[in-house]
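The structure is shown below.

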Amino acid sequence: MDALSALVEGFRVALTPINLLWALAGVTLGTIVGVLPGIGPALTVALLLPVTFSLPPIEAFIMFAGIYYGGMYGGSTTAILLNTPGESASVMTAVEGHLMARAGRGGSALATAAIGSFVAGTLATAALTFSAPVMANAALRFGPAEYFALTLLAFVAVSSALGDSTMKGLASLFFGLVLGLVGIDPLTGEARLSFGIPQLLDGIDVVIVAVGLFAVGESLFAASSIGLDPESVIPLRGSIWMTREDWSRSWRPWLRGTALGFPAGVLPAGGSEIPTFLSYALERRLARDPKGFGNGAIEGVAGPEAANNAAAAGTLVPLLTLGLPTSATAAIMLAAFQQYGLQPGPLLFTRDAELVWGLIASLYIGNVMLLVLNLPLVGVWVRLLAIPRPFLHAGILVLASVGAYSVNRSIFDIGLLYAIGGAGYLMRCREIPLAPAVIGAILGPMAEQHLRRALAAAEGSWMIFLTRPISATVLLVAAGIALLPVVARRWSSAPRERRTQPSG
Amino acid sequence: MLCRWPALFVLLSALSSPSVAAQPLDAHLVIVAPAAPGGGWDQTARALQQVIERHGLARIVEVQNVPGAAGTIGLAQFVNAGGGNTRSLLITGLVMLGATLWNDSPVSIAQATPIARLTGEYEVIAVPAASPIGELHQLIDVFRRRPEAFAWGGGSAGGTDHILAGLIAEAAGVDPRRVNYVAFSGGGEAVAALLGGHVAAGISGYSEFAPHLQSGRLRAIAISSPSRPPGINVATIREGGLNVEMVNWRGVLGVSGLSNDDRARLTTLVSQAAHSPEWQKVLLEREWSDLYLDGAAFDDYLAAERTRVGRIVARLRGPARGAPIVAGQRLVPIAVLGGAAVVFGALVVTQARNRRRFPAPSSPVRNRGAVIAVALGLVMFLVLLQPLGFIAAASGLFVMTANAFATLRSRRQQLWTIAVAVVFIWLVHLAFTDGLNLPLPHGTWFDSPVLGSLTTGRAWTR
């Protein structure tokens with residue numbers, strides 16, 4: 001096997017004590033920066049990239065891989081513990097993960113996220129090693145019509161996240177969709193709902209929507225129950241380590257999340273959010289106890305976290321084989337390659353084989369280092385929740401504010417964060433779920449772009465969604481998911497039981 | 001005795017005129033990259049920063065990222081900051097010019113002071129390898145026959161790729177409004193759509209296409225340069241019979257109303273940097289073409305570009321503002337706003353009905369006072385961040401929130417809270433400013449004229 005011997009060679013280059021030290025340094029730096037709220041993996045990598053410039057290529061890539069994985073995991077840590085996701089791909093992690101943390105199971109949530117990231121990262125890197133060119137070519141068959149079908153599928157699938165009352169879930173979803181409309185329409189240059197405010201022209205950053213609704217809204221809500229409610233956050237209950245039951249509930253979501261995340265990452269416009277939504281929806285459907293969702297279900301952390309990491313590794317496929325940066329992080333990695341005179345693309349594997357395989361080997365190493373560094377630290381991180389409530393919420397508000405500021409370095413964004421936080425508080429008071437709003441703000445603009453690109457390329461003909469086989473298939477699956485519960489309910493009046501139809 | 005005079009004169013002029021090369025020109029220079037870290041403008045800013053610092057042309061060079069709306073947010077801040085900040089440069093380019101015109105931006109590049117054009121990249125028109133089109137005249141034939149059926153893929157609307165599509169249509173005698181341009185959010189997405197055959201032709205910078213041209217998956221049809229650039233064997237658009245030339249240039253601007261002296265100083269500084277061997281090395285590494293141009297020549301160039309791009313943007317958009325360009329333009333906003341109105345209406349109605357049916361108050365008692373206290377802390381932070389700076393404002397927010405959450409408040413606890421707040425805020429400040437080089441507002445109230453000269457750049461932290 002050619003790839004295998006090349007990979008062994010790559011490991012031979014990468015596995016020296018000093019390189020392992022670089023990997024550890026990278027993971028440490030990445031985790032520390034990633035933990036800061038509002039700073040997602042893309043910004044972490046961009047900010048720390050200059051650190052690697054002084055190193056020779058192999059060492060730099062090893063450190064870089066460490067920074068990348070560390071940044072992703074650091075973001076999940078704050079999403080789980082403080083409910084401040086740093087990027088749209090960790091929104092679903094925050095939903096169940098933070099509920100787990102509040103119920104004293106933050107340790108398990110962090111551990112399942114770390115191990116899930118490791119499993120997904122390793123499997124996805126293996127898939128990258130052996131199937132990159134094939135996958136990349138298949139992914140090119142996806143055009144705007146297919147992407148629109150995919151976003152529609154994600155919409156249908158996550159409607160299960162709408163909560164108990166459909167009406168309230170829809171209200172939340174539409175709130176998010178309206179937020180997503182704000183800004184310049186990128187296809188015509190027309191400003192929408194921006195009321196002449198220049199800072200709104202680029203739209204509202206999803207990080208601000210998520211942190212505003214989740215973190216600021218929650219701090220206000222927590223304030224509203226001071227002196228009326230018993231302590232609602234239990235810092236730690238039982239072992240900080242994953243129990244046997246946690247393991248048995250986590251391993252399947254890890255694998256399913258990987259299976260969803262990797263192909264979605266390979267798609268040039270797939271993004272890493274959609275697989276996390278699909279994974280969450282899938283786990284909720286497959287869960288032995290669907291009632292656990294909404295009360296901190298470990299499957300809801302394990303699946304999306306694995307999907308997120310697998311998608312991140314997936315984005316390396318188009319980057320390395322086609323030279324296409326398909327995410328913000330990938331675009332920065334491209335800049336890193338170019339720093340060393342490497343031009344990712346079809347010729348990379350033949351021209352700079354040693355470096356590429358060194359990089360792939362360092363991805364494996366970075367992944368292992370992530371686990372080595374962060375598993376022992378889970379106990380330390382969880383202590384964050386033991387901070388007295390006044391300090392905890394004060395700290396969350398300060399960090400959320402500074403995080404919102406650092407996205408665009410604009411005080412206006414802090415005001416926006418607070419306004420959305422106020423809306424989040426009112427929604428909490430009326431028991432309107434928050435997650436659909438964030439999902440709407442993420443998926444709405446995506447769906448619209450893909451829809452209109454597809455229509456433009458087809459001269460306005462809607463038939464394009466049905467005549468293209470992949471798009472038609474995905475739409476059929478989406479329709480199936482939407483209609484199945486209705487049909488099933490009519491079929492038998494028996495209480496809802498566990499269903500295992502595939503989705504996506 | 002007399003022979004000493006010239007020496008003294010040189011010394012005096014060296015002291016009085018800061019544009020002499022031997023001395024560092026400025027203590028602190030700010031380069032504003034109107035984009036997020038990582039992009040082309042940011043790379044230009046950081047490369048320039050390194051060259052200027054290494055050459056000792058300025059002691060401290062700070063790069064500030066002000067991302068948003070294709071550089072127009074950065075431009076607006078730069079222009080609105082007024083003439084006070086004579087030691088700052090804004091990275092600009094054709095993309096920003098196109099965006100200001102395309103978005104009807106209230107600010108214009110003309111409000112800033114031109115300093116110099118630095119680099120540029122030529123645009124390439126390419127088709128997938130499987131396409132029957134081999135040369136520009138064939139492409140133009142297909143395009144002319146039914147312009148609407150010929151989908152061009154490229155970067156954002158109003159960007160360089162879109163403008164080139166418009167210029168080509170105009171030169172080919174097709175109304176630019178009939179150009180079916182599919183805007184993608186990034187170069188990568190556009191190339192992927194072209195590789196997958198989802199659009200008929202693609203327009204992008206040469207470097208974006210280069211690997212695919214070499215591997216044979218894409219075929220270059222024409223390049224937008226005046227003549228074939230060295231090492232690139234692609235026919236020019238002119239060779240294909242259309243009188244179109246374009247370069248995606250990047251340059252630097254000074255603040256509006258810059259005095260002639262200040263402008264000359266900045267021009268000298270940029271010129272020295274751009275003619276240094278280090279800069280030439282950067283150009284070679286990044287495959288950027290050297291397009292250095294300053295002074296009156298750059299003024300003229302900028303004016304000509306403004307006229308040309310303004311004309312083509314107006315024609316691409318059609319006579320009426322918001323003429324339908326892309327199918328489905330109104331669909332989603334109407335669906336979303338209409339749907340939102342229906343859902344919110346229904347929610348209000350059902351809640352009112354529930355209230356009538358179950359008159360008992362369903363909402364539990366809430367501690368309104370604490371919520372208001374926290375909200376006040378947030379408002380205070382928002383108002384005081386700019387004048388007092390991050391450390392003071394955030395400490396206030398921390399203490400106010402902590403007090404709102406604390407049920408018991410002894411003097412000791414108050415002091416303890418303040419101590420925790422100051423240490424925590426200081427650590428956060430350290431992490432963001434020194435650790436990550438992401439400056440936080442340091443407070444305009446503390447700026448005396450003396451302090452202000454040491455700490456430039458406050459105007460950007462708006």
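A:Asn83 is buried, because 27 C-beta neighbours lie inside 10 Å and the threshold is 20 or more. The model in which this residue is seen is a predicted one. A:Asn83 belongs to the loop that joins α4 (57-82) and α5 (91-139) of chain A. Although A:Asn83 is not a glycine, its phi is positive, at about 65 degrees. Most residues other than glycine have a negative phi.

A:Glu431 is placed in the loop between α17 (411-429) and α18 (435-457) of chain A. Is A:Glu431 buried or exposed? A:Glu431 counts as exposed, because 12 other C-beta atoms lie within 10 Å and the limit for exposure is 12 or fewer.

## Chain A and a helix pair within it

Chain A has 20 helices and two strands. Of its 504 residues, 67% are classed as buried. When contacts in chain A between residues at least 6 apart in sequence are considered, 80% of them connect residues at least 24 apart.

One helix pair within chain A consists of α9 (residues 244-266) and α10 (residues 273-286), whose axes come within 9 Å and cross at roughly 150 degrees. The two helices are therefore roughly antiparallel, as the angle is over 145 degrees. The crossing of α9(A) past α10(A) is right-handed. On the α9(A) side, the residues in contact are A:Pro253, A:Arg256, A:Gly257, A:Leu260, A:Gly261 and A:Ala264. Their counterparts in α10(A) are A:Ile274, A:Pro275, A:Leu278, A:Ser279, A:Leu282 and A:Glu283. This contact comprises seven nonpolar, three polar and two charged residues.

## The interface between chains A and B

How many residues of each chain take part in the contact between chains A and B? Chain B contributes 85 residues and chain A contributes 80. On the chain B side, at least two residues each come from α3 (72-80), β6 (180-183), α7 (187-195), α8 (206-215), α12 (331-357), α13 (368-388), α14 (390-405) and α15. Of these, α12(B) gives the largest share, with 11 residues. By class, the side of chain B that touches chain A contains 55 nonpolar, 25 polar and five charged residues.

Helix α16 (residues 389-408) of chain A packs against helix α15 (residues 411-435) of chain B at an angle of about 25 degrees, with 11 Å between their axes. This angle is under 35 degrees, so α16(A) is roughly parallel to α15(B). The crossing is right-handed. From α16(A), the contact draws on A:Phe391, A:Gly395, A:Val398, A:Leu399, A:Val402 and A:Ser406, and from α15(B) on B:Val420, B:Phe424, B:Ile425, B:Val428 and B:Phe432. These residues are nine nonpolar and two polar, with no charged residue.

The crossing of α8(A) past α13(B) is right-handed. A:Ser219, A:Leu220, A:Ala223 and A:Ser224 meet B:Ala370, B:Val371, B:Val374 and B:Ala375 in this contact. The contact of α8(A) with α13(B) has six nonpolar residues, two polar residues and no charged residues.

## Domains and a loop residue of chain B

Chain B is assigned domain 1 (15-120 + 248-317), domain 2 (122-246) and domain 3 (368-461). A distance of 28 Å separates the C-alpha centres of domain 1 and domain 2 of chain B. Their contact involves 14 residues of domain 1 and 16 residues of domain 2. On the domain 1 side, α4 (94-102) and α11 (295-317) of chain B each give two or more residues. That side has nine nonpolar, three polar and two charged residues.

B:Leu258 sits in the loop between β9 (247-254) and α9 (260-274) of chain B. B:Leu258 counts as buried because it has 20 C-beta neighbours inside 10 Å. The C-alpha atoms of B:Leu258 and B:Asn85 are 9.0 Å apart, although 173 residues separate the two along the chain.

Definitions and conventions:
Residues numbered from 1 in each chain as written. Chains lettered and ligands numbered in written order. Predicted model: local features only at pLDDT ≥ 70, side-chain atom pairs only at ≥ 80, totals over all residues. Axes fitted to C-alpha atoms, helices over the stretch in contact; angles between N-to-C directions. Helix = DSSP H or I, 4+ residues; strand = E, 2+ residues; numbered from the N terminus. Parallel < 35°, antiparallel > 145°, perpendicular 65-115°, else oblique. Left-handed = near helix turned anticlockwise from the far one by under 90°. Contact = placed C-beta atoms within 7 Å. Nonpolar A, V, L, I, M, F, W, Y, C, P; charged D, E, K, R; others polar. Domains from an automatic or database assignment.
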